[in-house]
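I opened a notebook for this model and wrote down what I looked up, entry by entry.

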Amino acid sequence: MLSLGIDTSCDDTSIAVVRNSHEVLSNIIASQHSLHEDFGGVVPELSSRQHIEELIPTLNRALKEAKISLEDLDIIGVTLGPGLIGSLLIGIQAAKALSLALKKPLITVNHVQAHLYAAVMSAPQNASLFPALGIVLSGGHSFIAKMQSPLDFKLLGTTIDDAIGECFDKVAKILELGYPGGPALEKLAAKGDKKAFALKAGRVKNKALHFSFSGLKTAVLYQAKGKASNLRSPLIIGDAEKADLAASFQEVAFRDVIKKIHLACKEEQPKSLLFGGGVTCSQTFQKMLFEENLLPAYFPEKMLCLDNGAMIAGLATELYKSGKKSDLAEKAFTRMESLKRLQEEKA
Ligand code: KG4
Ligand code: ZN
């Protein structure tokens, strides 16, 4: 079974061909990072326009590298949400047009679920993974879910304010580092002392597995720029303290996630941990987690870690096998809706 996966949810045009849900024949990513760099974040209008430019060349490259033609495809998978609405629409319209013209089933995919499926694709095919804890740490989401299969989710905890990646990006902005913030912050933190600043992650009353990161971000702002400062205020700390603050923030944020994983393991007795989302690419996070000697933990391999079409194509195959058929009338959905949909989508 050959599946096409299209993802235009944010700032990368990604198209891939996957065979039998896990064999990646091609995975092309046309990155827009340089386009948005000067603005310190993704500019939605620029992003949508660039997707229009990149879509067909990226599709042609994906087919060529996989050594197949459009007619060889069995299904067309595409991210339906969450993401930037204008960007999503470009990929969705392309997928609908392909499905209609080629008379191949259209399978719409939840991008967040696909990030976790990337870990399933990367695990040894004979590994016994389920029930698993699925942990997504990305720019848009932070949650822990119990998974009975790649398609069956029960949400255990999520953030009540900022997503962890959003928090890393904002802290990086406060410390005047580049965009995207996470990798720049990790690099600076490596030079700092993680015990130098006393910071705390937020606690959510009566919801031990929920996250709250916005207070932590504000605490970093006040340490870096003084009490009652704002984003535009000048830094009041030098380079060495900046590195210490980055290291202390990173330690507290990741320690909080690990504490919650411990707790969820105790309560739910999963067989494995599956990770997804850009923040889990952090080498520091992975090292901290492995030092805890928790269950077998599976991370997406490098090419499946950031936004990519292969995870969409892979998950689309699983969904198709479970009987899903999408409709040409389906509409893009938002971040608010994605967790609800995640729990509804069962095999
Ligand atoms: O999953 P992703 O590519 O996009 C979303 O779907 O959100 O995640 C992007 C997020 C950004 O917030 C970025 O700063 C963060 O992942 N990130 C990191 C690291 N690498 C990427 N955060 C912390 N440490 C890193 N090394
Ligand atoms: Zn993503």
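**Entry 1: a helix and its cover.** I looked up which residues of α3 are buried, and found Ser87, Leu88, Ile90, Gly91, Ile92, Ala94, Ala95, Lys96, Leu98, Ser99 and Leu102. Buried here means under 20% relative accessible area, while exposed means over 50% and partly exposed lies in between, with a 1.4 Å probe and protein chains only. Helices (H or I, at least four residues) and strands (E, at least two) are DSSP runs, numbered from the N terminus. The cover over the buried residues of α3 includes β1, α2 (44-66), β4 (75-81) and β5 (106-110), where contact means heavy atoms within 4.5 Å.

I then checked the length of α3, which has 18 residues (85-102) and should span 26 Å at 1.5 Å a residue; its end C-alpha atoms are 25 Å apart, which agrees. The expected span of a helix is 1.5 Å times one less than its number of residues. Just after α3, I noted that lysine 103 takes a positive phi of about 60°.

**Entry 2: what I am working with.** This is a predicted model, in which local features need pLDDT of at least 70 and side-chain atom pairs count only at pLDDT 80 or more, whereas totals for chains, interfaces and linings use all residues. Residues are numbered from 1 along each chain as its sequence is written, chains are lettered from A and ligands numbered from 1 in the order in which they are written, and side-chain values use heavy atoms, with hydrogens and water left out.

Entry 3: I went to β1 next, and six of its six residues are buried. Leu2, Leu4 and Ile6 point one way from β1, and Ser3, Gly5 and Asp7 point the other way. Two strands pair if DSSP finds at least two bridges between them. Strand β1 (residues 2-7) runs antiparallel to β2, with six bridges joining them, and a hairpin leads from β1 to β2 through four residues. Within this pair, leucine 4 has valine 17 as its bridge partner, and isoleucine 6 has isoleucine 15. With β4, by contrast, β1 pairs in the parallel sense over four bridges, and there glycine 5 is partnered by glycine 77.

Why is strand β2 described as largely enclosed by the rest of the structure? Seven of the eight residues of β2 (residues 12-19) are buried, so the description follows from that count. Strand β2 is also joined by eight bridges to β3 (residues 23-31), again antiparallel, and valine 18 has valine 24 in β3 as its bridge partner. In the hairpin of β2 and β3, with three residues between the strands, asparagine 20 takes a positive phi near 50°.

**Entry 4: the zinc ion.** Which protein atoms are donors of the zinc ion (ligand 2)? I found His111 (NE2), His115 (NE2) and Asp307 (OD), lying 2.1 to 2.2 Å from the ion. Donors are N, O and S atoms within 2.8 Å of the metal (3.2 Å for Na, K and Ca), and water is not among the atoms, so sites may look incomplete. The spacing of the donor residues in sequence is H-x3-H-x191-D. Histidine 115 in helix α4 (residues 111-122) and aspartate 307 in the loop between α10 (302-305) and α11 (309-321) are 192 residues apart, a pair that links distant parts of the chain. Histidine 115 counts as buried at 4% relative accessibility, and aspartate 307 counts as buried at 15%.

**Entry 5: the nonpolar cores.** A nonpolar core is a set of buried Ala, Val, Leu, Ile, Met, Phe, Trp, Tyr and Cys residues joined through side-chain atoms within 4.5 Å. The largest one has 47 residues, and those with the most contacts inside it are Ile164, Phe249, Ile261, Phe275 and Phe285. Helix α8 gives the largest share of this core, 13 residues. Leaving aside neighbours within four places in sequence, I listed the contacts of phenylalanine 275, which include His115, Ile261, Phe285 and Pro300.

**Entry 6: one lysine.** Last, I looked up lysine 217, which is found in helix α7 and counts as buried at 16% relative accessibility. Not counting residues up to four places away in sequence, lysine 217 touches Asp162, Cys167, Lys170, Val171 and Ile174.
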